[in-house]
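Biologist: I'd like to go through this model with you. Can you put it up, and then we start with one residue?

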Amino acid sequence: MANHKSALKRIRSNEAKRLRNKYQHKTTRNAVRDLRIVEDKKEAEGALVKVISLLDKLAKNNIIHKNKAANLKSKLTKHVAAL
């Protein structure tokens, strides 16, 4: 266990950040999954904007790598265009 007050605080803050990152990442994965199963093009185009925004936020905060975000956005855009 940590011996310094600053180390104890770091443990608490790291746990809070981990939970927040996990929530955001899981929410985005669910949004991507939901977008892939949509059949209606209009609905998919609306959802695509929201998913791209979520991916950009994750990449900006280093929760996912920026290239992973770019690859996902590219694949999802192609998927929606093919509907």
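Modeller: Start with T28, which is found in helix α1. Helices here are DSSP runs (H or I, at least four residues; strands are E, at least two), numbered from the N terminus. Note that this is a predicted model: local features need pLDDT of at least 70, side-chain atom pairs count only at pLDDT 80 or more, and totals for chains, interfaces and linings use all residues. Residues are numbered from 1 along each chain as its sequence is written, and side-chain values use heavy atoms, with hydrogens and water left out.

Biologist: Is T28 buried or exposed?

Modeller: T28 is buried, with a relative accessible area of 4%. The cut-offs: buried is under 20% relative accessible area, exposed is over 50%, and partly exposed is in between (1.4 Å probe, protein chains only).

Biologist: What does T28 touch, not counting residues up to four places away in sequence?

Modeller: T28 touches L54, L55 and L58. Contact means heavy atoms within 4.5 Å.

Biologist: Take L55, then. What is L55 in contact with, leaving aside its neighbours within four places?

Modeller: T28, I64, A69, L72, K73 and L76.

Biologist: And the helix α2, how many residues does it have?

Modeller: Helix α2 covers residues 41–60, so to say 20 residues. From first C-alpha to last, α2 reaches 28 Å, close to the 28 Å expected at 1.5 Å a residue. The expected span is 1.5 Å times one less than the number of residues.

Biologist: Which residues of α2 are buried?

Modeller: A44, L48, V51, L55, L58 and A59 are buried. What covers them includes α1 (5–37) and α3 (66–82).

Biologist: Now the largest nonpolar core. Which residues touch the most other members?

Modeller: L35, V51, L55 and L76, out of 16 residues in that core. The elements giving two or more residues to the core are α1, α2 and α3. The largest share, six residues, comes from α2. By a nonpolar core I mean a set of buried Ala, Val, Leu, Ile, Met, Phe, Trp, Tyr and Cys residues joined through side-chain atoms within 4.5 Å.

Biologist: Why would such side chains be buried together?

Modeller: In soluble globular proteins, nonpolar side chains tend to be buried together.

Biologist: Next, packing. At what angle do α2 and α3 pack?

Modeller: About 175 degrees, with the axes of α2 and α3 10 Å apart. Axes are lines fitted to C-alpha atoms, for helices over the stretch in contact, and angles run from 0 to 180 degrees between N-to-C directions. α2 and α3 are therefore roughly antiparallel to each other. The classes: under 35 degrees is roughly parallel, over 145 roughly antiparallel, 65 to 115 roughly perpendicular, and the rest oblique.

Biologist: Which residues make the contact?

Modeller: From α2: K41, A44, E45, L48, V51, I52, L55, D56 and A59. From α3: K66, A69, L72, K73, L76, T77, V80 and A81.

Biologist: What about K66, buried or exposed?

Modeller: K66 is exposed, with a relative accessible area of 60%. K66 and V32 are 34 residues apart in sequence and 16 Å apart in space, C-alpha to C-alpha.

Biologist: What sits between α2 and α3?

Modeller: A loop, and N62 has its place there. The phi of N62 is near 60 degrees, a positive value in a residue other than glycine. N62 counts as exposed, at 69% relative accessibility.

Biologist: Switching to charges. How many salt bridges are found in the whole structure?

Modeller: Three. A salt bridge is a side-chain nitrogen of Lys or Arg within 4 Å of a carboxyl oxygen of Asp or Glu.

Biologist: Which residue does K73 pair with?

Modeller: K73 pairs with D56, the closest N and O atoms being 2.7 Å apart. The pair links distant parts of the chain: K73 is in helix α3, D56 in helix α2, 17 residues apart. K73 is partly exposed at 23%, and D56 is partly exposed at 35%.

Biologist: And E15, what does its side chain meet?

Modeller: R18, in a salt bridge of 2.9 Å, N to O. E15 and R18 are three residues apart in helix α1, which means about one helical turn separates them. R18 counts as partly exposed, at 43% relative accessibility.

Biologist: Which residue does D34 bridge to?

Modeller: R33, with the closest N and O atoms 3.4 Å apart. D34 is partly exposed at 36%, and R33 is partly exposed at 48%.
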